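Q: Please take a close look at one part of this model and describe it in detail. Then set that part against the rest of the structure.

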There are 2 protein chains.
Amino acid sequence: MELNDGMRGPLMPIGGAEDKFGNRTILRRFTELAGGSAARIAIIPTASAVDDAGQRYKGIFLELGAESADVIFVGDRDDANSDVLVSLIEQSTGIFMTGGNQLRVASILGGTRISDMLRRRSQQGIPIAGTSAGASVMSSVMVAGGKSGTTPRPNSAAMSPGLGLIDTMIIDQHFRERDRVGRLVTMVSYNPGLLGLGIDEDTAALITADGTLEVLGRGSVLVVDGTHMRSDIYASQGKHPLTIENVVIHFVAEGARFDLTHRKVLSTR
Amino acid sequence: MELNDGMRGPLMPIGGAEDKFGNRTILRRFTELAGGSAARIAIIPTASAVDDAGQRYKGIFLELGAESADVIFVGDRDDANSDVLVSLIEQSTGIFMTGGNQLRVASILGGTRISDMLRRRSQQGIPIAGTSAGASVMSSVMVAGGKSGTTPRPNSAAMSPGLGLIDTMIIDQHFRERDRVGRLVTMVSYNPGLLGLGIDEDTAALITADGTLEVLGRGSVLVVDGTHMRSDIYASQGKHPLTIENVVIHFVAEGARFDLTHRKVLSTR
């Protein structure tokens, strides 16, 4: 498995509901990655229909010592082509995407100058984090919706094109909390070349360009490796349960790292 | 828009039902691209559940003057990791994927050595053609299924991960014949950065690494450019008709070429 050609900056998908009041491990680590006291963070609240979705994060990043934190209000496709907003992202040292609805993000940003700039900044080494919808939208093929439950069924997952910051995985979130094992395995069965990542709440997967994934936070990351998988997805429809054999699952918790190239756990504390 | 990093060989998605008895313009052109009398063509019939799907093409490519044509029977994921079959593809000068079910292809080949070899051969400059399901499966995000009709609706299209030979477009086929305008526009609305290609039967889009698309055959290729599109896809569900404004459509017929980078028709005969 290869990461995106040209991927250089770390990506940090977060499973949603990350700690905002306690030690704030995840948001603190992101602030450090973005440069600590020199960090200029651009917050993209487009996933949310609520106007002040970004303001709360602005306050937190400033409390955590960032030099600046700007909310980039991208409400429509004109905003997403605006000189001022594009240049705020160009000058940032870290980009954070809030939660909400990943279809809003992809359908508003897709094909705009901001979408191009996000990819360029990532290729230039800048860290990009996203929580919940902001995590799922990072990949080329993303989860668009689906149903809860452990049983894989064709109708348990809908997919659509994301922002393409990484093209080797599909990222699901609120994972344990919303019981999304079935839909993640179903998505991987459509193309077992993609790794499935299921990230719990208050948990993050820090993915670096050397092909490692480090877990931060209170829960764990479930990795679905379909290398040896066989399924009848191509012959099934609707809610009919799928037969899928040889699904390899890894649970990776804080302190452990996962080798994305060789698909194995590297170390535990 | 950038083509895949590293894309070098031409891709030729075909809309299905290409002429097999007359002048065979499309299959003849592919044979020439693969080296004419020196062509060694590997035929991948995995989209089809029928055993002899590849045999008919073998006969045609030999009649059209290819040096050799081998049917690569990949029926399951073990076959897709077989040394013998992988090396047949490695030694081929052109690869042809038959029609059938694109979910079969992606779920069987995804993450296997044959899938890796297809990408590598494309990067090495070898032409890859595919008809119907073999056309749709080329892209990173592909059409998995959907409904006919001109009206875009959320439930008119299902998407899933394809083989990733090209990541800047979604390819639909049997386009005019099966009335698929609505589903193609719907798919583009999910991420207007992707170009939508709707290819009629007995029609092919020859895409080269310089970013041009040339049309061959009896019908035309409908291109959906979502650059200036706005939609309410993120707020809609099920069969509710979508509101989508500023969809730019191009119809490109034989003899004309389309500039994929600047999204405009380059020339007509």
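In which sense do strand S9 and strand S12 of chain B pair, and over how many bridges?

A: This is a predicted model. In chain B, strand S9 (residues 195-199) and strand S12 (residues 220-225) pair in the antiparallel sense, over 4 bridges. One residue pair can be picked out: Ile199(B) has Val221(B) in S12(B) as its bridge partner. Helix H7 (residues 181-190) of chain B packs on the sheet and touches S8, S9 and S12 of chain B. The direction of helix H7 makes about 160° with that of S9(B).

The sheet itself is open and has 4 strands, in the order S8-S9-S12-S15 (chain B), with mixed pairing. Its edges are formed by strand S8 (169-172) and strand S15 (248-253) of chain B, each of which pairs on one side only. On average, neighbouring strands of this sheet are turned by 20° against each other, direction ignored.

An open sheet of 9 strands runs in the order S3-S2-S4-S5-S1-S10-S11-S16-S17 (chain A), and its pairing is mixed. Strand S3 (68-71) and strand S17 (264-267) of chain A stand at the edges with a single partner strand each, so one side of each has no neighbour in the sheet.

Met97(A) stands opposite Gly130(A) in S5(A). Helix H1 (residues 25-33) of chain A lies across several strands, namely strand S1 (11-14), S4, S5, strand S10 (203-207) and strand S11 (212-217) of chain A. Helix H1 runs at about 135° to S11(A).

The two chains also meet. Their contact takes 32 residues from chain A and 32 residues from chain B. On chain A, helix H4 (102-109), strand S7 (157-161), helix H7 (181-190) and strand S13 (230-231) each supply at least two residues of the side that touches chain B. By class, that side of chain A has 11 nonpolar, 15 polar and 6 charged residues.

As for confidence, the mean pLDDT of chain A is 93, and 97% of the residues of chain A reach 70 or more. For the complex, the predictor gives an ipTM of 0.79 and a pTM of 0.88.

Conventions
Residues are numbered from 1 along each chain as its sequence is written. Chains are lettered from A and ligands numbered from 1 in the order in which they are written. This is a predicted model: local features need pLDDT of at least 70, side-chain atom pairs count only at pLDDT 80 or more; totals for chains, interfaces and linings use all residues. Two residues are in contact if their C-beta atoms, placed from the backbone, lie within 7 Å. Ala, Val, Leu, Ile, Met, Phe, Trp, Tyr, Cys and Pro count as nonpolar, Asp, Glu, Lys and Arg as charged, and the others, Gly among them, as polar. Two strands pair if DSSP finds at least two bridges between them. Axes are lines fitted to C-alpha atoms, for helices over the stretch in contact, and angles run from 0 to 180 degrees between N-to-C directions. pLDDT is the predictor's confidence in each residue, from 0 to 100.
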